[in-house]
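Please examine the sequence and the model shown here. A short report on the fold follows.

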Amino acid sequence: MPETRQVPRRISALLLNSLAGGVVPRTGLEYIAIGRTEEINAILSDFRDLEEGASSFRFIIGRYGSGKSFLLRLIRSHGLDRGFMACDADLSPERRLAGSKGQGLATYRELLKNLSTKSSPEGGALSPMLSRWITSMQSEAASEGNDPSSPAFSAAVEKKIREACAAFDTEVHGFDFSTAVVTFYHGVAEGDEAKKNAALKWFRGEYANKTEARRELAVSDIPDDDSWSDYLRLIGALSRAAGYKGLLVFIDEAVNLYKITQSVSREQNYEKLLNLYNDAMQGRLPGMGIFFGGTPQFLEDTRRGLYSYEALRSRLAANRFAENGLVDYSTPVIRLSRLSNEEVYALIRRVMNIHASHYNWQPPVSENQLAAFMTDVASRIGADTLLTPREVIRDFIGLLNVLRQNPGTDFASLVAETEFKAADEDPEDDDFAAFTV
């Protein structure tokens, strides 16, 4: 990527604020992406298969500092640019794949809240997606000779919608799903916000019980801890019907499954993950790609990780021929290495250029000083295992801020007087990690 590429001010502000705060930016990632060509190409190959109706499942596995969260976000950005819908959620003690206290449903709700398209990249795309599909149904009805100004036009459109929804009826919960779609249409056509909102509430899994949903929508069931993945499958099918290439599902912080202390609960979550994996790998989720981000411990620990669950261990074991420097990016597991010092140097140089452009100033930092800064950081005790680009970039932006606001301050002197330390953090915490992509 050329260093001279102009970054829109809105994006540069978001990038600098996020990086200074130690979090992964949700947009603008392409301006700071470094490396990871092979991994990205493997995912783009998946996208081409998804466009043809295939399904895929990938685990992005790497140690703390390897850039899992950033890679997932960048994949998401690529997918939106290519016409996919995407949804994402971070797992936590309150959000799991399965649970008896609403943890699975909480994950589904988070995914639906973050449902995104290229035109709605920050989430909230459920209603626009439904409206887009209904508009296409109205266009089809009109093209068949139905007069949009006729009282019979609404009935003709509803017939088209029900015919299209017939494909959903064969799926688990498909009939209720079709009912909610038709209710949403009536809410739009009649200007009835109550009907429209009731349908959206049902899609998002926000009804407290079946009785309330049945009263407002005439449905027999609602998404819950056990069934949420069936409804997500239907959202994926509807996204393709609405003209999108498919649905990309991103689930990060999977290490929270590894951290579940009760073995029965942990195995229930692994069983749910296995079901999703099997459905994807057997092509039962047309146009749907599922991506999990986790650590080597989450994958390989034979006591509590995925390898403790034999059905998953046998499916996810490494290719025994891909050793001694040989790689295989076609397997379900993509393993990430840490950023090299050269890549971190390229990153801080790029960040400095964005900072200079955003604040319209020239940082008093020469190439030799920048190289010396990187050498100094890399030589710190523990830097090879503990120091991540998150700390380096956060400190470097702080350094640039001080230089800009205190004219005459010397870069070399400021660096010499400051001790850069590796952060003392949970090695399983990878919400930011590295900028490798």
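Predicted model: local features only at pLDDT ≥ 70, side-chain atom pairs only at ≥ 80, totals over all residues.

Residues are numbered from 1 along each chain as its sequence is written, and side-chain values use heavy atoms, with hydrogens and water left out.

Five strands form an open, parallel sheet in the order 2-3-4-1-5. Helices (H or I, at least four residues) and strands (E, at least two) are DSSP runs numbered from the N terminus, and two strands pair if DSSP finds at least two bridges between them. Strand 2 (85-90) and strand 5 (333-336) are the edge strands, each with a single partner, so one side of each has no neighbour in the sheet. On average, neighbouring strands are turned by 15° against each other, direction ignored. Strand 1 (residues 56-62) pairs with strand 4 (residues 288-294) in the parallel sense over six bridges, and F57 stands opposite I290 in strand 4.

Helix 3 (residues 68-81) packs on this sheet and touches strand 1, strand 2, strand 3 (247-252), strand 4 and strand 5; contact means heavy atoms within 4.5 Å. The direction of helix 3 makes about 170° with that of strand 3. Helix 12 (residues 263-281) also packs on the sheet, touching strand 1 and strand 4, and its direction makes about 125° with that of strand 1.

A salt bridge is a side-chain nitrogen of Lys or Arg within 4 Å of a carboxyl oxygen of Asp or Glu, and by this rule the count is 20. One of them joins D88 and R26 at 3.2 Å, N to O. Because D88 lies in strand 2 and R26 in the loop between helix 1 (9-21) and helix 2 (37-51), the pair ties together parts 62 residues apart in sequence.

Two helix pairs are listed next. Axes are lines fitted to C-alpha atoms, for helices over the stretch in contact, and angles run from 0 to 180 degrees between N-to-C directions.

| Helix pair | Angle | Axis distance |
|---|---|---|
| Helix 6 (residues 153-169) and helix 7 (residues 174-190) | about 155° | 9 Å apart |
| Helix 8 (residues 193-203) and helix 9 (residues 210-217) | roughly 145° | within 10 Å |

Helix 6 and helix 7 are therefore roughly antiparallel, a term for angles over 145 degrees. Residues in contact include V157, I161 and F168 of helix 6 and F175, V181 and Y185 of helix 7. Between helix 8 and helix 9, A198, A199, K201 and W202 meet E212, A213, E216 and L217.

Key: Parallel < 35°, antiparallel > 145°, perpendicular 65-115°, else oblique.
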